[in-house]
Each structure stands twice: as structure tokens, then as C-alpha cells.
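Welcome! Take a moment to look over the sequence and the model shown here, and then read on for a short tour.

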Amino acid sequence: MSILEALLMGMLQGLTEYLPVSSSGHLTIASTLFGINAEENLLFTIAVHVATVFSTLVILGREIILIFRGSMRPLLPGTGLMNRLNPDQRYVLNIVVSMIPIGIVGVFFKDTVEEIFGAGLAVVGVCLLLTACLLLFSHYAQPRRKEQISLRDAFIIGLGQACAVLPGLSRSGTTIATGLLLGNNKAGMAQFSFLMVIPPILGEALLEVMKGINHGMEAATAGISTGALVTGFLAAFISGMIACKWMINLVKRGKLTYFAYYCVVVGLICLAYEIF
């Protein structure tokens, strides 16, 4: 992988991880059209995914620190565990609950998901169209709004994240749209969506590291230089910060319909590419 290819793939990963257009779908498109396949290099894949996590920690660092501090406080007086949790402890519990579906998929259906990734642009095209439908539906639906995410909502949003392992089905778009359809407020959903993905990404990175150790690090680093690796990491980190900050503001203003139209266009192009 050249430095230019690493720059392109890093920027693509960072931007599309947070924008509701599917990072996996766009990486598949880049792989098919330009012959650039970052997934073939294990170390590069780990680097760009960890870079996007770091970008989240930078943009939402203050919020993360406040939530962590609040979760360390003693339980409130009263009866029943749920009644004794403060808002920050409830938030952390919601994050944990949201991880259950993606954890099940990762443990029991990893091979099936990897097979789907090799199915070509037809799957990407269909899933991009589904992403567009979700974004449009969440924009025009008017459910009763509520201020706090419940455990039930967290689990359902987690189901959306688990479905979004499909290439072309945007993780951020699916989780945010699901939360909005459940009646959660816009600003809160953007933050929750970006924080709930941190544990799964780090967990996946750890599994990939273990995989690299088992198969030999020489194979994991084959075909990539230190310069390309650093370039990809920095590109994903910087573009991820920009996309994360931009996306939070866009969700607050309800401007996700533009991404829906984009997904429709790209999805139709993918289907046309496969058909013709």
C-alpha cells in the first residue's frame, strides 16, 4: 500500500465512520473500483479504526470525563437498584446494554458477516438504500420526544448497531435514526451513538491483534511501510474529528436528509455497476 492509498483509505474511514453513509460500504466501493483493499493488511485496519476512536475521545473528551466521574459516585438512597442509579450511572448502563447485540453478532456470526462482505457491490447498494430510507423516515416521523434513553431503547439501538455490520448500512445513521424514531432527543442521540461504538471498535481491534499474533506479525504488516501506516492513522484521526464534530451539529439541526439523498445516488450506482 502506497502513502497516497493510505491517505485515501484513512480519510475515507475517518469521514464515513461518523457521517451516516457507511464506512464499510465506502471501503468496499474503493476496494472494488480502485483495487485498494485495506482489509488485506491487518495492522492498517487496526490503526485506522483505533484512530477513529481517538478522534471521538478528543471531541467528546469533556463529556466522557464528566460521565466517568458521575458513574463513580455512591448509589443514591432508596430501594431498587435502578432507582438508586444517578443519571451518569444509567448512561453507562445503557452503553453496556447497547453492546449486547453487537457482541452476539461478533461472537457467533463473524464468519457469516465476512462472507457478506465478499458478496460485491449489490449488497452495498441495497444497504445504502435502506440507510436512506431510515434517515428519511426518522426525519419525517414525529414520535413523542423524551429526554432520557431507557434501557429498552438502548437495547433496540444496539440491535440497530448489530444490523449495521452489513456493508452499506451506516452504523451512525442506523443508531441515530433508531433513537430518533424511539423519541429520543437529537443532541443526546448523536453523543450516545458515537460513545456506544467505542467499546466494540476497541474489542474488535483487540481480537484482530490476537489474530495477528496467531498468524504471525510478519503477515499482518506485509505490504505496508511505516510511513503509509502513520499517514493512514493521522488521516483517519483528523478526518474523524472533523466528521464527529460536524455530525453532532448536523443532528442537532436535523440536516440528515441530504445524506439520505446521497445514499440513494451511490446505492443506485452500486446496483447499476453490478447489473451492467
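## A first look at the protein

Residues are numbered from 1 along each chain as its sequence is written, and side-chain values use heavy atoms, with hydrogens and water left out.

The protein has 276 residues, of which 47% count as buried (under 20% relative accessible area; exposed is over 50% and partly exposed is in between, with a 1.4 Å probe and protein chains only). Its secondary structure comes to 15 helices and zero strands; these are DSSP runs, numbered from the N terminus, with H or I over at least four residues for helices and E over at least two for strands. Among the contacts in the protein with a separation of 6 or more, 79% join residues 24 or more positions apart, where contact means heavy atoms within 4.5 Å.

How confident is the predictor? The average pLDDT of the protein is 83, and 89% of the residues score at least 70, on a scale of confidence in each residue from 0 to 100. Confidence is highest in helix 9 (residues 151-163), at a mean of 93, and lowest in helix 13 (residues 217-220), at 50. Where pLDDT is low, the predicted coordinates should not be read in detail.

| Residue | Location | Relative accessible area |
|---|---|---|
| Serine 22 | loop between helix 1 (3-18) and helix 2 (23-34) | 1% |
| Glycine 168 | loop between helix 9 and helix 10 (171-181) | 0% |
| Alanine 228 | helix 14 | 0% |

Serine 22 has a positive phi of about 75°, although it is not a glycine. Glycine 168 is in contact with Ser22, Ser24, Gly25, Val124, Cys127, Leu128 and Thr131, leaving aside its neighbours within four places in sequence. The C-alpha atoms of glycine 168 and threonine 131 are 7.5 Å apart, although 37 residues separate them along the chain.

With neighbours within four places in sequence left aside, the contacts of alanine 228 are Met1, Ser2, Ile3, Ala6 and Phe44.

Helix 15 (residues 257-275) has 19 residues and spans 27 Å from its first C-alpha to its last, close to the 27 Å expected, a value found as 1.5 Å times one less than the number of residues. Its buried residues include Phe259, Cys263 and Val266, and the buried residues of helix 15 pack against helix 2, helix 8 (121-140) and helix 14 (226-253).

The second largest pocket has a volume of about 420 Å³. Of the 22 residues that line this pocket, Pro87, Tyr91, Glu147, Gln148 and Ile149 are the closest to its centre. A pocket is an open set of points on a 1 Å grid over the protein atoms alone, where a 1.4 Å probe fits, with protein on both sides within 12 Å along at least five of seven lines; lining residues have an atom within 4 Å of a point. The volume is the space filled by probe spheres set on the points, which are joined across faces, edges and corners. Helix 6 gives the most to the lining of the second largest pocket, with six residues.

How values were computed
Predicted model: local features only at pLDDT ≥ 70, side-chain atom pairs only at ≥ 80, totals over all residues. pLDDT = per-residue confidence, 0-100.
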